[in-house]
Amino acid sequence: MDDVKQVIRDWLKQHQISEVEVLVPDLTGNARGKFIPAHQFLNDSLPKLPESILVQTVTGEYSDEHWEFVEPTDTDMLLKPDVSTLRVVPWAREPTAQIIHDCYNLKGDLHPLASRTILRKVLAAYSEAGLSPVVAPEVEFYLVARNLDSDYELEPPAGRSGRKETARLSYGIDAVAEFEDFVEDMYEFADAQELDVDTLIHENGAAQMEINFRHGDPLKLADQVFVFKRTVRETAHKHDMYATFMAKPMRIEPGSALHIHQSVLDVETGRNIFAKDDGSFTPALLSYIAGLQRYTPELISLYAPNVNSYRRLAPDISAPINLNWGFDNRTTAFRVPHSAPDHTRVENRFPGADANPYLAIAASLASGLLGMREQLTPTEPHAGTANEDDVEVARTLEEGLRNLRATPALCDLFGDLFLRAYTAVKLDEFEEFNRVISSWEREHLLLQV
């Protein structure tokens with residue numbers, strides 16, 4: 001720990017940092033933590049936070065079962081900095097650093113309710129098998145006009161032309177140029193934080209963008225998606241807009257996804273285990289896909305964690321609704337793009353942009369690992385339009401949570417305590433949402449039923 005402190009001390013001095021953001025990803029994938037003066041951060045012992053923040057609902061409430069998951073004394077966690085996440089905060093007024101921390105209990109163990117812990121546990125299982133997974137996330141989001149009244153629907157912001165988008169402009173160059181100032185600042189902030197962002201495209205929705213990350217270590221990429229979401233929101237605020245990662249923010253627009261490309265390397269040889277030298281697929285790839293098919297119905301709530309998420313997973317709006325897979329087929333849930341043998345990978349298209357990146361990546365990798373471990377066999381690849389087939393996944397958050405703890409192997413990987421807590425928190429959110437009477441109900445049911 002002394003060596004870590006010294007690295008941090010030298011970095012803070014080099015960048016003349018006056019304040020440090022101590023960050024912890026919560027259950028939703030948002031940042032919790034503290035602002036600490038740099039000199040105090042270096043001189044004090046490990047920062048602490050109450051463990052209760054790990055299992056709050058998205059509205060900041062606690063489930064009725066809350067005290068079954070944490071100590072009744074609401075004890076503190078110890079926070080240990082991950083020096084690889086040390087970055088500047090480019091939008092801060094004063095020179096500020098941000099560091100993502102791992103959560104530990106007072107016994108010195110990784111806290112079982114922390115999102116980073118869950119991904120670390122899945123990665124440890126890969127390591128024990130002599131394997132190293134690689135991921136490349138693709139993150140979609142919308143720019144929307146500032147909205148101060150939640151009773152009003154969201155609208156696209158005006159671009160530099162002064163007009164709002166109305167057409168479908170997938171891959172539109174000029175459509176991105178409408179928000180050139182935002183894009184330039186976003187890239188500048190990303191560069192300042194050394195985020196491995198790659199391609200930016202305009203997606204199908206009005207003022208909908210997608211950013212691709214270069215492939216790499218799953219934990220580092222989850223950290224980068226976590227930081228990137230903050231970055232995009234801050235950039236949008238600078239330009240008098242909102243950026244939203246809601247899965248389905250507007251009724252007439254398509255949803256936003258967090259697609260996850262994934263491959264697996266043999267640790268000893270460094271070779272991609274999904275393809276042979278001649279480019280043919282290995283049994284490992286097929287079993288990996290079969291694992292995604294087998295376990296997605298149980299883990300769907302980690303890909304679609306909010307009540308709004310299931311508005312995206314609906315027929316005819318460019319999102320998966322069943323468990324089909326195919327070759328370079330974007331209508332399937334699991335797509336194998338055409339690529340060179342060493343780049344052979346599978347893309348999981350289920351996760352929404354609103355997913356916690358640590359949990360979504362952990363769920364996808366865990367499914368593939370179990371598929372390989374159990375030597376499962378996938379269905380035949382789908383050759384047609386998969387979203388014309390029947391719906392095979394949950395359509396509500398409550399339904400998605402029903403079987404989260406059904407498989408002992410998943411309980412072992414994620415920890416039964418975490419899955420119980422996650423279920424309780426998300427069911428509480430579902431019930432709270434279910435108490436809201438919508439305008440549709442008042443319009444169509446008030447006088448007609």
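In helix 3, the buried residues are Ser115, Arg116, Thr117, Ile118, Leu119, Val122, Leu123, Ala125 and Tyr126. The model is predicted. Helix 3 covers residues 115-128, 14 residues in total. At 1.5 Å a residue, helix 3 should span 20 Å, and its end C-alpha atoms are 20 Å apart, so expectation and model agree. Just after helix 3 comes Gly130, with a positive phi of about 75 degrees.

Salt bridges were examined next. Side chains of opposite charge can pair when their charged atoms come close. Across the whole structure, the search finds 22 salt bridges. One of them joins Arg120 to Asp102, with the closest N and O atoms 2.8 Å apart. Arg120 lies in helix 3 and Asp102 in strand 6 (residues 96-104), so this pair ties together parts that are 18 residues apart in sequence. Arg120 counts as partly exposed because its relative accessibility is 28%. Asp102 has a relative accessibility of 5% and therefore counts as buried. Both residues also belong to a network of salt bridges that links Asp82, Asp102, Arg116, Arg120 and Asp223. Arg116 of this network is among the buried residues of helix 3.

Glu298 is buried, at a relative accessible area of 8%. Arg294, at 38% relative accessibility, counts as partly exposed.

Arg335 forms a salt bridge with Asp328, and their closest N and O atoms are 2.7 Å apart. Arg335 counts as buried, at 7% relative accessibility. Asp328 reaches 32% and counts as partly exposed.

Four strands each supply at least two lining residues: strand 7 (131-145), strand 8 (197-202), strand 9 (208-213) and strand 11 (258-266). Strand 7 gives the most, with six residues.

Key
Residues numbered from 1 in each chain as written. Predicted model: local features only at pLDDT ≥ 70, side-chain atom pairs only at ≥ 80, totals over all residues. Heavy atoms only, no water. Expected span 1.5 Å × (residues − 1). Buried < 20%, exposed > 50% of the residue type's maximum accessible area, 1.4 Å probe, protein only. Salt bridge = Lys/Arg side-chain N within 4 Å of Asp/Glu carboxyl O.
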